[in-house]
Amino acid sequence: MRHRANKRKGKMTLISKHENYFGELREQIMNPEKWDSEHFIAFDYEAGLGKTRQALRMIGEMFRNTDCRHRVLWVQLFSDKRRLLDATADEINKHARRNVAMAIDGEDTKRGRSKKTAIEPQVLVITHRMYAEIKKSRHDELIQNRDILIMDEFPNLMREIRISTQDLSQLYRYSVYLESDILDEMLIMFRDKLRELRREELINPGTFQWGTFASADYKKYKTEITKLLKSKKTKDCRELLERFQQLFRNDCYYSHNVFYTYDIRYDYVLLKNNIILDANGFDYRYQLSKRFIVKHQPKVYDYSTSILHHYEVNTGKTALKKSDGFFDQVIDTVELQGRKGVLFVTDMEHKSKLEQTIVKHYSDEDNQNETLADISRKLRVDISVEYHGNLLGKNDWRTFDTCVIVKTPNFDYATYVLTSYFFHAIDQEYSFQDIPKFRHEPTDNIRNYWIAGELYQAIKRISRDNTQPSEIHLFCSNEVAVGIVRNQLPGIKYVKEHWGVNTRSKHDNTEKPKEQRLNERDWELITILRGYQKEGNAEIKFIDVRSKFGEKDGANFKRRAVRLAPVLGAYGIIVGNGVFTLRVPGIEEPVSEQNGAVKELVVV
């Protein structure tokens, strides 16, 4: 179907710019000569263009031909108690003009009906969660005789497993009843291993230490756990024992009294033709495995009528806990009146607090029982508060013109470490090593691009068709991630805003060593200077370093250099008057044992 030309600024029609914008996707779906049974082919059509809707139409039209024998497995993130799954199947059937698609969910599999319901339809619609269970639970009926696999959004099958000292203590309590000498011996082994790892951590703090319990030295423990899992005595500790079982099957990382690995039972199942639809095609995870090939698509939307306000303030979890009055100042900063709709995005933990802050700010003094809906009616603007992780695939805010992101969507750093491990392992590339927190480029790439992807998806919840000017207010100190997001929004006006929120208590700067209070830009400057130092330079001018560092304001650069002087001195880098003197390389980068503080914003 051809689209009528639309010349409104900020939007250009697909047909006017690209005669067949989704033609490559259509060819990949329908032409067996393009099929690839060894790789996922990812198409990164930008958010808001309707790639899901287009794909469903293509599948339906393919089955208008009753002679078409292809069988399709469509996989999507959400089911919403079956409603969204059924809606997908209905959409395909509408375009096919006959019933070729059927949806099944977890309840179907629980009732034992999955084998029959999965085999019959030419198109089967399931969730990401069900897809993940195919390999683990051997649901072969979901893929039986199917040719085409289409994943709507990136399929992340890395399932973290963490074993802490508390887990070891809990297993010790169960061991009294299990009466296993080998299990008792295993617990003593872990006690001694932890002591050894703690000593190493004191010497090299801030590092995820790589190791393995999957060697022959530990085989008897894995065998014993497998045996215990068959006993009825282990009913109350089965999940705990299964986690230990995975620890003995995999390599692992250790940090701060916790062992980290992943569940080896999950793996990707591929058919004859495997497709991913994902606007976040820039996600670094696609580069971690040879199983993915990204077909980058040209951008369509022009964002020159929109503006991105960037407030460089730390909105990580730890920082928000210390930021008394942060949400109040956000509401003071962003004017809500006169807008079509405002979407606030935070994390689940702070959602209620942010809603209460908005209500309190706009409530009448004599009315303490108003709700967010009351404030929306009063201001005549739709106001919604959501959290990262509950946005993808939802279009509830498509007509809104304002997005306010007040939480950086960070995961625990161990998640990024395990992600790197998982995707290299599925390619059987076991080149693992210790990983220094925030100073390991591949892991930091995973972190920055993952954060950028979450930010981008939050931004693209509003003004979905880009036919109206929009404003984004982004509170985030991760400049790398923000830069990645800007690249996804061609032409957008970018304004670096000043922010005056003090996110620390008045005692923090005196209680913590300076090296614990370095932010990402501080580490970037240190890295640049260390590079000059390793090249053998005796000295380097501020202006030359400032140019490479990307700081336009000389006064700001000088203040940062002076503030970092004590730390730089430890490396043999002396901060002088407009020049850095570079002596022989000093000690390796100092990292605090309390790693949660390493990346927090320093307020001078």
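Author: D278 is placed in the loop between β10 and β11 (292-295). Helices (H or I, at least four residues) and strands (E, at least two) are DSSP runs, numbered from the N terminus. The model is predicted, so to speak of local features pLDDT must be at least 70, side-chain atom pairs count only at pLDDT 80 or more, and totals for chains, interfaces and linings use all residues. Residues are numbered from 1 along each chain as its sequence is written, and side-chain values use heavy atoms, with hydrogens and water left out.

Start with charge. D278 is buried yet forms no salt bridge. Its nearest side chain of opposite charge is K51, 6.3 Å away. Buried means under 20% relative accessible area, exposed over 50%, and partly exposed in between (1.4 Å probe, protein chains only). A salt bridge needs a side-chain nitrogen of Lys or Arg within 4 Å of a carboxyl oxygen of Asp or Glu. For charge, Lys and Arg count as positive and Asp and Glu as negative; His and the chain ends are not counted.

D278 does have a polar contact. Its side chain reaches the backbone nitrogen of N280 at 2.9 Å. (Such a contact is a pair of N or O atoms within 3.5 Å; within protein, one must be able to donate a hydrogen and the other to accept it, and residues adjacent in sequence count only if both atoms are side-chain atoms.) Setting aside residues up to four places away in sequence, D278 touches F43, D44, Y45, K51, E153, F154 and Y286. Contact means heavy atoms within 4.5 Å.

Now step back to β10 (273-277). β10 pairs with β5 in the parallel sense, over five bridges. Two strands pair if DSSP finds at least two bridges between them. Across this pairing, I148 stands opposite N273 in β10.

The side chains of K272 and D147 meet at 3.1 Å, N to O. K272 lies in the loop between β9 (258-262) and β10, and D147 in the loop between α7 (128-137) and β5 (148-152), so the pair ties together parts that are 125 residues apart in sequence. K272 is partly exposed, with a relative accessible area of 47%. D147, at 8%, is buried.

Next, β5 itself. Five of its five residues are buried, so β5 is largely enclosed by the rest of the structure. Both faces are covered. I148, I150 and D152 are on one side, L149 and M151 on the other. In a regular strand the side chains alternate between the two faces of the sheet.

β5 also pairs with β2, again in the parallel sense, over four bridges. Here V75 stands opposite M151 in β5. β2 (residues 72-76) likewise has five of five residues buried, so the rest of the structure largely encloses it. V72, W74 and Q76 cover one side of β2, and L73 and V75 the other. Five bridges then join β2 to β4 (residues 123-127), and these two strands run parallel. W74 stands opposite V125 in β4.

Other salt bridges give some context. By the same rule the count comes to 27. One of them joins D86 and R82 at 3.1 Å, N to O. D86 is partly exposed at 29% relative accessible area, and R82 is partly exposed at 23%. In another, E355 meets K351, with the closest N and O atoms 2.7 Å apart. Both lie in helix α14 (residues 348-362), four residues apart, about one turn of the helix. E355 is partly exposed, at 23% relative accessibility. Salt bridges that share partners also join R26, R57 and E61 into one network.

Finally, the whole protein. The protein holds 23 helices and 21 strands. Of its 604 residues, 55% are buried. Among contacts between residues at least 6 apart in sequence, 77% join residues at least 24 apart. The accessible surface comes to about 28,900 Å², and 46% of it belongs to carbon and sulfur atoms. These areas come from the Shrake-Rupley method with a 1.4 Å probe; for residues, only the protein chains shown count as cover.
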